[in-house]
Each structure stands twice: as C-alpha cells, then as structure tokens.
Amino acid sequence: MSNTRASVEALLQPFTQQNEGTLDYHGLHGFLTALTICPIDLTEQVRNESIFDGEVELPAASANELNELIARMQTTIDRGFNDEDEGFSLSCESDELEDHDDEALANWCIGFMVAHFLDEDVWFGTNEQEVCELLLPIMLASACLMMNRSFRIFAGTVSSQKICAARFPKC
C-alpha cells in the first residue's frame, strides 16, 4: 500500500497545509476503516466535505484520482478484516514509520471518529456495549473527549491510558 500512501499524501498535502482539519493519510485510513466496519451511504460531496473539513472544489482529475485511491484503500482495509493470516493493520503499523508514532495514531483515530459522527445512530443500533468498548480508546486517542472534564481526569491517569493502549495493535 506504500504507492497508495504516497499518492494519497501527495494529493492531500496542499489541502492539509491550507486547513489543518483536512485528514491526512492516517486520518483517511481511519475514516475508511470506520466506514468499512459500519457502512453508511455517503454522497461524494458529503464524503469529501468530511475528508477536507468543509467544501472543496477538486479538479476533475484530482477527484477521479481520489476516488480511485479511496477504492483501493477500502479494498485493502476490507481484505485485512477478512484475512485470517495477516489480519487488519492500522496505517501507523507501517515499517516506514518510527516504532511508535503518536501523531499518526491520533490522526487515524480522528478520521475514524469523523466517520462515526456522520451517523452515530447506525453505530449504536445494535451491540451498543461492544461499540462503546471499541470507541472509548479511539475517542481518547483522538482527543474527542477532552472537552469533558471527567474524561480529561480519566485520560490523565496512567492506568486508564494503559488499559486503552492495550486495545490497540502495536504501532
């Protein structure tokens, strides 16, 4: 997926420089992972507004390239979930990254949560307890909960961080 990664990074870089809310490669991977786990129907416009944190006008060639890259990434993510030998990998598990890249993991979590927030009701429609257990460490790593004082206290304890970190594959 390294060619895909390089292409995605090249395509998104000008937008991430203009708007820090734009998802980077890891954020896009998290976004697409969430959509693979819990598919929802999105128009291309809504999808792009989520990726670019607002309205964006892409030239036709860039829009086509983005669509192709997203399709390739989603296929790889889906195969990872269904591959008994290799399994699913977070984008921050790449050999190209340092042993532990907190920013890449946080960006992956942010992208995941962006997709989750598009339709929370679908996520919590069934298996609410399992969904909560899945989302808590992702929300903590993405800093989505830091607005809430109780969660800031929870996130600040070493034991809670270890519990949440244990839920992620090694990055």
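Me: Where does Asn127 lie?
Reply: This model is predicted: local features need pLDDT of at least 70, side-chain atom pairs count only at pLDDT 80 or more, and totals for chains, interfaces and linings use all residues. Numbering runs from 1 along each chain as its sequence is written, and side-chain values use heavy atoms, without hydrogens or water. Helices (H or I, at least four residues) and strands (E, at least two) are DSSP runs, numbered from the N terminus. Asn127 sits in the loop between α6 (120–124) and α7 (128–142).

Me: Is Asn127 buried or exposed?
Reply: Buried is under 20% relative accessible area, exposed is over 50%, and partly exposed is in between (1.4 Å probe, protein chains only). Asn127 has a relative accessible area of 51%. Asn127 is therefore exposed.

Me: What is phi of Asn127?
Reply: Most residues other than glycine have a negative phi. Asn127 is a residue other than glycine, yet its phi is positive. The value is near 55 degrees.

Me: Which residue follows α3 with a positive phi?
Reply: Helix α3 covers residues 44–52, and its buried residues include Asn48, Ile51 and Phe52. α3 is followed by Asp53.

Me: Why does Asp53 count as partly exposed?
Reply: Asp53 counts as partly exposed because its relative accessibility is 48%.

Me: How many helices and strands does the chain have?
Reply: Along the sequence the pattern reads α-α-α-α-α-α-α-α-α. The secondary structure comes to nine helices and zero strands.

Me: What share of the 171 residues counts as buried?
Reply: The accessible surface of the chain is about 10,200 Å², with 47% of that belonging to carbon and sulfur atoms. These areas come from the Shrake-Rupley method with a 1.4 Å probe; for residues, only the protein chains shown count as cover. Of the 171 residues, the buried share is 38%.

Me: What share of the contacts with a separation of 6 or more joins residues 24 or more positions apart?
Reply: Contact means heavy atoms within 4.5 Å. Among contacts in the chain with a separation of 6 or more, residues 24 or more positions apart account for 64%.

Me: Which side chains meet in a salt bridge?
Reply: The structure holds one salt bridge, meaning a side-chain nitrogen of Lys or Arg within 4 Å of a carboxyl oxygen of Asp or Glu. Both partners lie in helix α1 (residues 2–18), four residues apart, about one turn of the helix. The N to O distance is 2.9 Å, between Arg5 and Glu9.

Me: Why does Glu9 count as partly exposed?
Reply: Glu9 pairs with Arg5 in the salt bridge. Arg5 is buried, with a relative accessible area of 11%. Glu9 is partly exposed because its relative accessible area is 35%.

Me: How far apart in space are Arg5 and Tyr25?
Reply: Arg5 is found in helix α1. Arg5 and Tyr25 are 20 residues apart in sequence. C-alpha to C-alpha, the distance in space is 6.6 Å.

Me: Which backbone oxygen lies 2.7 Å from a polar atom of the side chain of Thr33?
Reply: Thr33 lies in helix α2 (residues 25–37). At 1% relative accessibility, Thr33 counts as buried. Leaving out residues up to four places away in sequence, Thr33 touches Ile77, Phe81, Phe88, Trp108 and Phe112. The backbone oxygen at 2.7 Å from its side chain belongs to His29.

Me: Which residues do ring pairs link into a cluster?
Reply: The structure holds three aromatic pairs. Rings of Phe, Tyr and Trp (its six-membered ring) pair if their centres lie within 6.5 Å; planes under 30 degrees apart count as stacked, over 60 as edge-to-face and the rest as tilted. The cluster is made of Trp108, Phe112 and Trp123.

Me: Which residues is His116 in contact with, leaving aside its neighbours within four places in sequence?
Reply: His116 is placed in helix α5 (residues 102–118). With a relative accessible area of 1%, His116 is buried. Its contacts beyond those neighbours are Trp123, Phe124 and Leu135.

Me: Which residues make the nonpolar surface patch of about 230 Å²?
Reply: Patches are made of residues with over 30% relative accessible area and no salt bridge: like charges are joined within 9 Å, nonpolar side chains (Val, Leu, Ile, Met, Phe, Trp, Tyr) within 5 Å. One member is in helix α4 (residues 60–82) and counts as partly exposed at 37% relative accessibility: Phe81. The patch of about 230 Å² is made by Ile37, Phe81 and Leu134.

Note on methods. Polar contact = N/O pair within 3.5 Å; in protein donor to acceptor, adjacent residues only side chain to side chain.
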